Amino acid sequence: MDGVSPIKKIVVKSDRIFVQYLKEVLGGLSTRIYDFKWRIRVDTRISKSKIQSQEGVKAIMKKVLVTTLVSAMVLGAGVSFAYDEGAVANGGKITGQIKFAGTAPKLDPIKVQKNQDFCGNSVAAEGLQVNGGGVKFGVVYIEKIAAGKAIDRAGKTDLAETKCVFRPHVIAVVKGTDISINNDDTILHNINISIDGIQRYNKGQPKQNQILVTKLRNVGVADMTCDSHTHMKGWGVVLDHPYFSVSNDKGEFSIGQVPAGKYNLKMWHENWKVKNLDDDGRPIYDTAILQTKEVTVTAGGTASVNFEIK
Ligand SMILES: [Cu+2]
């Protein structure tokens, strides 16, 4: 087929389209199969029958390339892959701890610029939370996994604005699953979410106990702010599979039901160093920390991996 030669193969499977294309198209990235599951819902004009036509193939290819390039720039190799859900027989576990090397710096509180009567004059900086050497709120996840445990689509991830801060400060979710956002406060907040720099959600919550439910459909790092309060900051990591863990108060994490195999384990931490303030006085933080470790999981076994930041 002239004009669409970069595509090697297209497979349609239920509501997913797998597109395999050559690495030359992306200047050195590996050949990969892209999971188109959620995208097809956004652009319903691309029907299965259209895939049979050259025009349809061209349209899909264009979209795949744009999406993949944007994700690839930010998450490196962590581009969305097809993920097949099913039972995991005799899976293993990955456990460990994120540690802080040396003495953790004391962070300056962040100035509150609005509603000080309710929020206070400042809030504690949350970018680095170390207890007994363990770092809370790092997100540890398997970089790529083709198949494994089922995604909990009936469940939801709770998020709230509580006393003018996001609770929890960091979440990790599977794309397309529900996030329930509650305003615990008697003042107006709004939640403005960008994933890898592209705004994906922005809604006001003027009333107390008003709950918004949304889904994030893009794999990447979600930056959460409130347009009303410049001190408010939260983070999310959006993945296309359920193999992740947000580190607890002691910096510990645990990922279960992992099929035996060799994986790249990633650790994302938001970073706490304030580089600058924007025009509204909102802190701009240094680039997030992203570390990788190789891990081998055996059937029924527990693999221990530790990360260290400083
Ligand atoms: Cu707010």
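Colleague: Which residues does L128 touch, not counting residues up to four places away in sequence?
Modeller: Leaving those close positions aside, L128 touches A104, L107 and W272. Touching here is contact: two residues have their C-beta atoms, placed from the backbone, within 7 Å. This is a predicted model, where local features need pLDDT of at least 70, side-chain atom pairs count only at pLDDT 80 or more, and totals for chains, interfaces and linings use all residues. Residues are numbered from 1 along each chain as its sequence is written.

Colleague: Thanks! Where is L128 found?
Modeller: In the loop between β7 (122-123) and β8 (130-131). Strands (E, at least two residues) and helices (H or I, at least four) are DSSP runs, numbered from the N terminus.

Colleague: And why is L128 partly exposed?
Modeller: Because 19 other C-beta atoms lie within 10 Å of L128. A residue is buried with 20 or more other C-beta atoms within 10 Å of its own, exposed with 12 or fewer, and partly exposed in between; the C-beta atoms are placed from the backbone.

Colleague: What separates the C-alpha atoms of L128 and K106?
Modeller: They are 8.9 Å apart, while the two residues sit 22 residues from each other along the chain.

Colleague: New topic. How many helices and strands does the protein chain have?
Modeller: Four helices and 27 strands. The chain has 310 residues, and 32% of them count as buried.

Colleague: What is the order of the open sheet of five strands?
Modeller: The order is β14-β20-β19-β16-β17, and the pairing is mixed. Strands pair if DSSP finds at least two bridges between them. β14 (170-174) and β17 (198-205) are at the edges with a single partner strand each, so one side of each has no neighbour in the sheet. From one strand to the next, the twist averages 20°, with axes as lines fitted to C-alpha atoms and angles running from 0 to 180 degrees between N-to-C directions.

Colleague: How do β14 and β20 run, parallel or antiparallel?
Modeller: Parallel, and five bridges join β14 to β20 (residues 233-239). In that pair, I171 stands opposite G236 in β20.

Colleague: Which order do the four strands of the other open sheet have?
Modeller: That one goes β13-β12-β15-β18, again with mixed pairing. Its edge strands, β13 (165-167) and β18 (211-215), each pair on one side only.

Colleague: How many bridges join β12 to β15?
Modeller: Six, and β12 (residues 156-162) runs parallel to β15 (residues 178-183). You'll find D158 opposite S180 in β15.
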